[in-house]
Amino acid sequence: MTRVVSLFLPTWSTDRLRRKLGDAAPPPEAPLVLIGRDARRRVVTAVNTAAIRAGLRVGMAATKAQALVTGLITMDADPKAGAEALERMALWAMQRYAPIVAADHPDGIVLDTTGADHLRGGEEAMLDEMVQRFRTSGIAACAAIADTWGTAHAVARTCASPTLIVPPGANAAALAELPINALRLPVDTVEALQVLGFSTIGKLGATPRAPLALRFGPEIARRLDQALGRVAEPIDPIRTPDLIEVRRAFAEPIGAAETIARYIGKLVEQLCGLLETKGLGARRLDLLLHRVDNRIEAVRVGTALPVRDVKRLTRLLCDKIGTIDPGFGIEIMNLVAAVAEPLGMKQTISSLIAEPEADVSGLVDTLTNRVGETRIYRVAAVPSDVPERSVKRIAALSPETLENWPADWPRPTRLLKSPERIETVALLPDHPPASFTWRGIRHRVKRADGPERVFGEWWRRDAEMVAVRDYFIVENEAGERFWIYRSGDGEDTETGSHHWFMHGLFG
């Protein structure tokens, strides 16, 4: 089942213009639109947030927009620069999320993420990450995923806030109540349909097609069939001259797994030859298989370190052959190094001097491509005294960091995801509890060490300026050791609630 993501970037063009103009840019609360040409008509090609609130939209006639909003700021659009910027964003998305990505002009990006979402932790996690990354860059974004480009496009622009997942096979239900302007029809066609009383896609789809085709041509039926999955709508993946790519066309379509594996090996060998001439190693490979029915099957594999080993890369790609549906045959195979990095020379260690270090990168690559990038990791220290902020996840083979945990006080082998409230019997303010109850079990404290005082991080928020925690290592009668703390200094209520919490367990 194909899954397509549509990223809607409603104000990215005007936001980009404001960043370009700097201090000369109009205030963000002022309605701003960019004006371009559609044949002989002057139309709105981009709007900012204030213009959207005022009821303006892309595709509206420029004269109508100026009549609706008093004091509207208009600027001439630069279609070429806008298209290039959108394609750069699409290229970034291709390198990070999926092998089949294209710009969805004028205000979006479309991605075929079939089989790639598990690498990002699933569809929901993938959409959330996409939206958050664009917001971090100052670009508002909405994202939707569905079985077809048309459905994802419509949902992303009408009801995704900011993300929405359309379940497989639910295209018709998702489109039924959406307005017809979400169907990617020409503006004049939409306006004419609205005059005739059509307001929703469901109502339009239930109308006999012959009269609509006689008046408006085949476009309405084509868009409906594409959105509902009755007609294929292939995505032409973005490509740049910088990408290292090899291609193989077949006189007769191929489909057998053994044949596909054989040609994968040949393509990998060619690609590694090109990488060697540039001194690069592949970090991410995309295998695109063009079927005779105009569909593209895609396989993506990644490596933890730059790799130019033909056997390893071939094995990683061949492990994915079971996910390929050749249909009635594959006529073209493309292998692309979506991400390539410099591959330095490495001296082989002589066994007469030292034993070579074990290379686990192959194992890490195999596991990562099977279960996802987010599930293979290691932990690293973060310079923070607050325990839950002192740990972060990093890639399994990331270089060593210079940070480490405090050596003055021991840390538990298991830190709870979040502190859990416990009931205690304790003498305030400096003594550990004599007993505590955690998860319904009462523990009598036999030995204790502490307190270790941890102060809040005042630069994060004002409430932490005076906040403190007093941590104790306590041992019960069975020899089990726990890491507990009191919120506050035991005297001043402004420093904390004075409640006790369980935060970790020692081995």
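Mentor: A pocket here is an open set of points on a 1 Å grid over the protein atoms alone, where a 1.4 Å probe fits and protein lies on both sides within 12 Å along at least five of seven lines. Its volume is the space filled by probe spheres set on those points. The model is predicted. By that definition, the second largest pocket has a volume of about 790 Å³.

Its lining counts 35 residues, and those nearest the centre are Thr2, Asp112, Thr114, Arg295 and Ile296. Sorted by class, the lining holds 15 nonpolar, ten polar and ten charged residues. Helix H11 (219–228) and E11 each supply at least two lining residues. The largest share, five residues, comes from E11.

Strand E11 covers residues 296–307, and Ile296, one of the residues nearest the pocket centre, is the bridge partner of His290. E11 belongs to an open sheet of four strands, ordered E9-E12-E10-E11 with antiparallel pairing. Strand E9 (244–254) and strand E11 stand at the edges with a single partner strand each, so one side of each has no neighbour in the sheet. From one strand to the next, the twist averages 15°.

Strand E10, residues 280–291, runs antiparallel to E11, and eight bridges join the two. Besides the pairing of His290 with Ile296, Leu289 stands opposite Glu297. In a regular strand, side chains alternate between the two faces of the sheet. E10 and E11 form a hairpin with four residues between them, and in that turn Asn294 has a positive phi of about 75°. Helix H12 (residues 257–278) lies across E9, E10 and strand E12 (330–342), at about 155° to E9.

For comparison, the largest pocket contains about 1,000 Å³ of space. It is lined by 32 residues, with Val58, Gly59, Pro106, Asp107 and Asn181 nearest its centre. Strand E3 (41–47), helix H6 (149–158) and helix H8 (187–195) each give at least two residues to that lining, and E3 gives the most, with five.

How values were computed: Residues numbered from 1 in each chain as written. Predicted model: local features only at pLDDT ≥ 70, side-chain atom pairs only at ≥ 80, totals over all residues. Heavy atoms only, no water. Pairing = 2+ DSSP bridges. Axes fitted to C-alpha atoms, helices over the stretch in contact; angles between N-to-C directions. Contact = heavy atoms within 4.5 Å. 1 Å grid on protein atoms, 1.4 Å probe; cavity = no way out; pocket = protein on both sides within 12 Å on 5 of 7 lines; lining within 4 Å. Nonpolar A, V, L, I, M, F, W, Y, C, P; charged D, E, K, R; others polar.
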